[in-house]
Amino acid sequence: MAVLLHIEASTECCSVALSEDGEVFFEKRNSEERSHAKVLAPFVEEAIDHADSRGKRIEAVSLSSGPGSYTSLRIASSTAKGVCYGRNIPLIALPTTAIMCVPVLFRDDLPEEALLCPMIDARRTEVYTTVYDRALNPVVPTSAVVVTPESFAEQLDKPPVYFFGNGAAKCKEIITHPNARFLDEHRSPQAKWMMPLAERAFLEERFEEIAYFEPFYLKDFIATKPKNLL
């Protein structure tokens, strides 16, 4: 399997990782907010040096493509494109909400019929979210949602729905359906979680047109207050 460079900087946590043959062999992470412009480029440079010093050729860059912070995504996208252009390698874009689901999928207690609802925090009771099944097929597309007691009602009436991410905690007292499950861990996406999704995308040659690629900015959303999301 190819050596892949993973860049995740969509939220407050900035991280970079290298993987090969289903294993992460390098990782750097910083959780200090508003530090992406300072730490991301050195992290990427250190990762490249690490791979080069071991005779490992990086064959693609995978980027967490949002939704996320406008500034953070611009920094990460520019950095990823620069590496791709400089090394003549392809770019893989992965939805941030899908990346957030990866560690949850490895839980031993996750029911087969469970739905996953990663939440990225926004102001007040607003979150940016996607609802996935266990195969990471979107059940509800990525949306900006002002959370109310009726949000996700249709999904909650069937299987259990797992809520997690840095926007989930503030929803605990609002979404009180007995099928709602809130996970306190997995608050921010991390580069190391990108590995299984990126490897599949690489094998399937799902690459981006680097010159025209743009991340999925939060500003592209218009929040709604629906009775449910469908």
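The model is predicted, so to speak of local features a pLDDT of at least 70 is needed, side-chain atom pairs count only at pLDDT 80 or more, and totals for chains, interfaces and linings use all residues. Residues are numbered from 1 along each chain as its sequence is written, and side-chain values use heavy atoms, leaving out hydrogens and water.

**The five-strand sheet**
- Helices (H or I, at least four residues) and strands (E, at least two) are DSSP runs, numbered from the N terminus.
- An open sheet of five strands runs in the order E3-E2-E1-E4-E5, with mixed pairing; two strands pair if DSSP finds at least two bridges between them.
- Strand E3 (23–30) and E5 form the edges, each pairing on one side only.
- From one strand to the next, the twist averages 20°, with angles running from 0 to 180 degrees between N-to-C directions of lines fitted to C-alpha atoms, for helices over the stretch in contact.
- Strand E1 (residues 3–8) and strand E4 (residues 58–64) run parallel and are joined by five bridges; here Ile7 stands opposite Leu63 in E4.
- Helix H1 (residues 36–53) packs on this sheet, touching E1, strand E2 (14–20), E3 and E4, and its direction makes about 15° with that of E2.

- E6 pairs with E7 in the antiparallel sense over four bridges, and Tyr132 in E7 is the bridge partner of Leu116.
- On the E8 side, six bridges join E7 to strand E8 (residues 138–146), again antiparallel, with Val131 opposite Val140.
- In the hairpin of E7 and E8, five residues lie between the strands, and Leu136 takes a positive phi near 60°.

**Nonpolar cores**
- A nonpolar core is a set of buried Ala, Val, Leu, Ile, Met, Phe, Trp, Tyr and Cys residues joined through side-chain atoms within 4.5 Å.
- The largest has 31 residues, and those with the most contacts inside it are Leu94, Leu116, Tyr162, Phe164 and Leu197.
- Elements giving two or more residues to this core include helix H3 (96–105), strand E6 (115–121) and strand E7 (126–132); H3 gives the most, with six residues.
- Phe164 touches residues including Met100, Val104, Leu116 and Leu183, where contact means heavy atoms within 4.5 Å.
- A second, separate core of 27 residues includes Ile7, Val16, Leu18 and Ala80.

Key
Buried means under 20% relative accessible area, exposed over 50%, partly exposed in between (1.4 Å probe, protein chains only). Lists of a residue's contacts leave out its neighbours within four places in sequence.
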